[in-house]
Amino acid sequence: MKSLRLILSNPRYFGPSWVFASINILFGTWAIYIPTVKDKLGIDKADLGVAIFFLALGVFVIFPVAYRIIDGLGVGKATWYGVLFSCVSALLPLLAPNYYSLMAALFLFGASNGLTDIAMNTLVTEIEKEDGEKFMSASHGFFSLGGVLAGLGSFLILGINNPALHMLYAVLLVLVVNIIFHKHYKHIVAAPIEREAFSFKLFRPLLLLGLVSFMVMGGEGAVVDWSGLFLQEITMAPEALIGSGFLAFSVMMTLGRFLGDGISAKIGPIKIVAIGAAISIVGYLLVLTTHVYLAITGFAFVGLGFSVIIPELFRIGGTVKGIDSAKGVSFIAGTGYSGFLMGPVALGFVAEKYSLTHTFSVLLICSVLVLAATYALYRRRR
């Protein structure tokens, strides 16, 4: 909790951390209205999965050029401009008049989020190096907090009754706070980002960790994109509760990220990954009861379980014998982000061909596999 107190007491740290929250406020608000957009445009789940693929495509397209933008503008300005770009592009999917404009809008939204994501992480890294303070983990906690705020916004659906207007309110919240605090980071210039070519020697020792990262972040992305639709179509939840699954998931994800480091220091990284996987299994079982309140509770358990896994995978990957720590973390981050973006797309086709219940059954199996993988990790590290 030391890093959280640091952020709350110093605008130099709060400004960048609020950017983390900002991205998830905008993305979470979009996620709440996925069922509404689907119904408005008259598309099926497979079409929605393809549209979401364009969001992923926007992220992947920006990745190869983001470092040049950050290097050219300076990391502080790149972060600020990324926030502005994200605010504008966040409105577009909810204003899209047809399916093709939705795909284009999601592509721009993905590209803006991708740029801001890389810039804000680079910004925090640079401040940590300059100040000798560590607040990266807590900043990611603010990312989860942004999801909580977006989830709370779901209770405004009935009062506002206008998705684009709701997003505009979210944009204004993000902008006002960033306008106040961006002066504390806009001037910061980071060293050019060094890109390392992928080495196949990474693949063998990190394969298991990468697969776990892919499955966990794929599950995280699926909860973000499909929880609202699951509550609407499968549990028949009232409209006011459609966003509650995402809210519960985000609340527990935030709590876990703020507390996880202390628990890990006591029991070790592999054990906490195993516990996280076990908690997520319980969560998916509750979701699959298809009872409204049990399903919402299940999403909360999944969020708590997932919250501790990815940070611990980074920690394990950075200490694999014979592998440079930066390469280990990069491999796990890459596979995880691929799962986060591509998993929901693939699961969309499963939902269309079978049902959303089958989709979450696949996610349950993935958590079981993650739990099994921790046993293999334990044996390897003995």
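Thr79 touches Val19, Thr116, Ala119, Met120, Leu123 and Tyr185, residues up to four places away in sequence not being counted; contact here means heavy atoms within 4.5 Å. Thr79 lies in helix α5, which spans residues 75–95; helices (H or I, at least four residues) and strands (E, at least two) are DSSP runs, numbered from the N terminus. With a relative accessibility of 0%, Thr79 counts as buried. Buried means under 20% relative accessible area, exposed over 50%, and partly exposed in between (1.4 Å probe, protein chains only). A polar atom of the Thr79 side chain lies 2.8 Å from the backbone oxygen of Val75 and 3.4 Å from the backbone oxygen of Ala119. A polar contact is a pair of N or O atoms within 3.5 Å; within protein, one must be able to donate a hydrogen and the other to accept it, and residues adjacent in sequence count only if both atoms are side-chain atoms.

The structure is a predicted model, in which local features need pLDDT of at least 70 and side-chain atom pairs count only at pLDDT 80 or more, while totals for chains, interfaces and linings use all residues. Residues are numbered from 1 along each chain as its sequence is written, and side-chain values use heavy atoms, with hydrogens and water left out.

The protein chain has 16 helices and 0 strands. Of its 382 residues, 56% count as buried. Among contacts between residues at least 6 apart in sequence, 84% join residues at least 24 apart. The accessible surface of the chain comes to about 16000 Å², and 67% of this surface belongs to carbon and sulfur atoms; accessible areas come from the Shrake-Rupley method with a 1.4 Å probe, and for residues only the protein chains shown count as cover.

Val370 counts as buried because its relative accessibility is 3%. Leaving aside neighbours within four places in sequence, Val370 is in contact with Val212, Met215, Val216 and Ala277. The C-alpha atoms of Val370 and Leu209 are separated by 9.5 Å, although these residues are 161 apart along the chain.

In helix α3 (residues 34–41), the buried residues are Ile34, Pro35, Val37, Lys38 and Leu41. Seen down the axis of α3, these residues fall within an arc of 165°, so they line one face of the helix; the arc is that of the directions from the helix axis to the C-beta atoms. Just after α3, Gly42 takes a positive phi of about 65°.

Side chains of opposite charge can pair when their charged atoms come close. A search of the whole structure finds 4 salt bridges, a salt bridge being a side-chain nitrogen of Lys or Arg within 4 Å of a carboxyl oxygen of Asp or Glu. Lys38 meets Asp39 in one of them, at 4.0 Å from N to O. Lys38 is buried, with a relative accessible area of 10%, whereas Asp39 is partly exposed at 49%. Lys38 also forms a salt bridge with Glu233, the closest N and O atoms being 3.7 Å apart. Glu233 belongs to helix α10 (residues 203–233) and Lys38 to helix α3, so this pair ties together parts that are 195 residues apart in sequence. Glu233 is partly exposed, with a relative accessible area of 29%.

Another salt bridge joins Arg12 and Asp131, whose closest N and O atoms are 2.7 Å apart. Arg12 lies in helix α2 (residues 11–32) and Asp131 in helix α6 (residues 99–131), so the pair ties together parts that are 119 residues apart in sequence. Asp131 counts as partly exposed, at 29% relative accessibility. Arg12, Glu130 and Asp131 are linked in a network of salt bridges.

Helix α11 (residues 244–267) gives the most to the nonpolar patch, with 4 residues. Leu259 has its place in helix α11 and counts as partly exposed, at 40% relative accessibility.
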